Amino acid sequence: MMRAFELTKTTVTYQGSDFPALNDVSIGADEGEIVLLLGSNNAGKSTFCRLLNGLVPKSTPAQIDGKVEVLGRDANRTSVARLATMVGMVFQEPENQLFCMSVEEEVAFGPENVAIPRAEIIARVEWALEAVGLTGYNARSPSNLSGGEKQRLAIAAALSMRPRLLVLDEPAYALDPTGRVDLYALLRDLRERYGMTILIAERDAEEMAELCDRMILLRNGRVVADGAPNAVLSGIDEVVAAGVSPPQIAHLSSLLADRFPGKTRPFFTTDDAEKEIADLVRATGSDAP
Amino acid sequence: MNVSIAAQSPPIISLQNARFSYEGGVEALRGVSLNVARGENVAIVGGNGSGKTTLAKHLNGLLKPSSGKVLIGGEETSTTSVATLARTVGYVFQNPDYQLFCTSVSEEVRFGPKNMGFGHDDESALAERALKLMGISHLREQSPVSLSLGDRRKVAIASVLATSPRVLVLDEPTTGLDSVESAQLMATLGVLRSEGMTIVLITHDMRLVAQHMDRVIVMSEGRIAFDAGVEEAFSDPDRLKRCKLLAPPITVLAQRLQAQGLLTEGATTPLQLVEQLVRVRGEQQ
Amino acid sequence: MTRFEDLYTEADTFLHRLDPRVKMASVLMLSLLAIIMSALTYLLVLLTFIFVLLLLARSSYRKTTFAMKFVLRFMALIAILWPLFDPSGTPVLIRLGPVVITEPGIWRGLASAARVGCLATVWYILIFTTSQRDLVRGLVKLGLRFDFGLALAIALRYFPTFGTVMDSIIDAQRSRGMEFEKGNIFVRARKYVAVLGPAIVSALKTADMLALALQSRAYGARRNRTYLRELNMRPSDYVALVAALAMFIVPAIAKYAFSIPI
Ligand SMILES: Nc1ncnc2c1ncn2[C@@H]1O[C@H](COP(=O)(O)OP(=O)(O)OP(=O)(O)O)[C@@H](O)[C@H]1O
Ligand SMILES: Nc1ncnc2c1ncn2[C@@H]1O[C@H](COP(=O)(O)OP(=O)(O)OP(=O)(O)O)[C@@H](O)[C@H]1O
Ligand SMILES: [Mg+2]
Ligand SMILES: [Mg+2]
């Protein structure tokens, strides 16, 4: 299987900056993985995302050391426009990434740029709009959509390129709680149906354990943890120290383990938490000193 | 609801069947009535487009109701200027970049009190206090535009606090902040609250609401779907879902454990829940 | 937002269905016709014809009255002022010191008012019945470079957004006790620094973000691009185009080749 991306000893220092935004990062992902990139403000999440389609360093000048490979290509030697045909990018704020006068043109813009035949574009527009739940919005103006709808449209506009790698920089920004849940369901569905690789940058780990296959924890530009969600969340102190909000249930699990050593098994879902705590309380009689 | 407090002193915020339509016909408020007593700590929550921001803008007169009444400190907003209302209500916009324009943080923070004609000395005292409260005294000489989002947001809040309002309205103040910064912000709000400030917080983060707020006003399609204490507000998952909301996981877990008779009270943070368990186990032994 | 409102109203009339290129050409023809005509009678016939088109455009009542109020006021102004500045011909109707008003002057004033009415209304009809995206698309198909078309489209698209941002900034400053209504013009001008500063920062950020967004969607990946929506001339478009050309060419020949006064 091909690697979706592979960073090898990558260090990124923005022009005019005296410290690296990403520092000696070696990390990669297989195609078809859902990877969550966690980190606080300024941890380097956006830098990581923008490295993958070449915006860093091609639009924002920076010194890059080490290697950045995306879908088998050297990102430093491939133009942004070329990478964009394989890597879909959704930026944090939906406001300023929508620039067309209608929803359908917004979604068609990418495929038009790479000269996809018209009939195919029409099919892709319908597909992408359906995938994000915006069927029938074709003629609406993007500026008159609600915040959540704009976010969905930004995703559809990236999807219509049929990217093999979809990068989303804090996609839950300003979405209401159920809107978030819908978005995560959509991302899982995209992976199931199309085998897309998905990279999500987030500062908040709540609800994320069920979504992703892997969590990468960034702190001051360095990778401090990388692994299956439950493995990373078991080291909750590291998550907290990195300025990321830990999921409440995982946090509870580790607090209980500290307070009642050996009495509970680690848990990550509300159901498991309920069982463990019920056992803990009911077991009280038997293990009383 | 705080009927007893409201009865003692007139509510500082009072909406009576307020309606509002934007030009172009979107009916964003469809008859909203509520009272907020002095010193209350209120969250306004609801789905995207449910009317939260529109409601908040009525609280300092940026928007005036098309019908019905909005009274702030007993005065009708429709006949009072925003500048006058700003002495009572401080409003922090979601986007800090919409208000920062001075060349230094200290100038920025003095801008409000200067507009309101506090004397020069008061102005300095108020500005210093606001900077200290937000923990940004060391940024005094910096240019606001060059700061990080978290710091810009703190400057924006400080610049509103410096006008020494009695009510503070914050529209999604934690978006773009990380967990440390939003915890700091909530702690600062706690300090203000203990000094008697009335706080109205708009947010999509139900964990913050559960942990820090007393009362929850849930908006849905321009109406108040319900208005309740925190415990009660998060007790009915279906009702929440209809309003595009979800209770925080710990709150849900604590409720389930209570239903099983394993806990006696609710909990809003993992730590609270653990402390309760320690107590429960202690008692059982 | 009335300041930057899009005047286009969605509807399904034959004017809406016309190809934007044909519409632009027809509007140009009718404008030229109004310019070469000088006889009041003919101008009034043309004006009536254009008003009928305006009714057929089924624009919203609010937008129509908004636009026509402006047009009618301008027409009235011309009709009143023109005779004052064009006192040639006889009979003289009024002579008050330097002010001379003649009967032909009045007719010419009315004709000019009608001409301006024709010109303004016909362009309003174009804007009422053609979405901005069709206008831009038409211009691109007529040979405007795609880059320029895209820039134009983005500018049109961000105009209202920028207005909303300005409003929010003004609101934010008013919330800190600033009173824009107070003070003389210089004081007020200085107050707008508090609006322009954040507005410029926000505009720059927007521009920056847009550039990133465009590249991320493979803008410029190929020399040739395809288009989701092609413009296709239908028979009715050809009929309309021929009719519009005839409406200009026939009177033009009558006037310039046969010296028939129109
Ligand atoms: N264009 C730039 N020029 C110079 N330094 C930059 C630039 N963009 C980002 N940085 C710096 O690089 C570091 C990493 O920033 P980055 O935007 O990648 O972080 P992030 O994790 O996305 O943060 P946030 O959560 O605030 O979006 C920060 O210290 C930031 O100040
Ligand atoms: N300036 C405006 N012009 C027209 N309609 C508007 C305007 N601002 C908001 N609306 C509409 O009014 C309704 C309420 O909007 P409001 O901004 O109050 O929602 P909100 O609850 O704050 O949503 P969010 O959680 O997305 O911030 C929405 O349907 C919105 O589309
Ligand atoms: Mg970022
Ligand atoms: Mg809002």
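For sorting residues I count Ala, Val, Leu, Ile, Met, Phe, Trp, Tyr, Cys and Pro as nonpolar, Asp, Glu, Lys and Arg as charged, and the others, Gly among them, as polar. By that scheme the lining of the largest cavity divides into eleven nonpolar residues, one polar and seven charged.

I note that this is a predicted model, in which local features need pLDDT of at least 70 and side-chain atom pairs count only at pLDDT 80 or more, while totals for chains, interfaces and linings use all residues. Residues are numbered from 1 along each chain as its sequence is written, chains are lettered from A in the order in which they are written, and side-chain values use heavy atoms, with hydrogens and water left out.

I looked for cavities, meaning sets of points on a 1 Å grid over the protein atoms alone where a 1.4 Å probe fits but cannot get out, with lining residues having an atom within 4 Å of a point. The largest cavity is lined by 19 residues, and A:Glu105, C:Val136, C:Arg137, C:Phe146 and C:Tyr227 lie nearest its centre.

I then turned to chains A and B, where contact means heavy atoms within 4.5 Å. Chain A brings 42 residues to this contact and chain B brings 41 residues. I found four salt bridges between the two chains, each a side-chain nitrogen of Lys or Arg within 4 Å of a carboxyl oxygen of Asp or Glu. A:Glu274 forms a salt bridge with B:Arg256, with the closest N and O atoms 2.7 Å apart.

Terms used
On a 1 Å grid over the protein atoms alone, a cavity is a set of points where a 1.4 Å probe fits but cannot get out, and a pocket is an open set with protein on both sides within 12 Å along at least five of seven lines; lining residues have an atom within 4 Å of a point.
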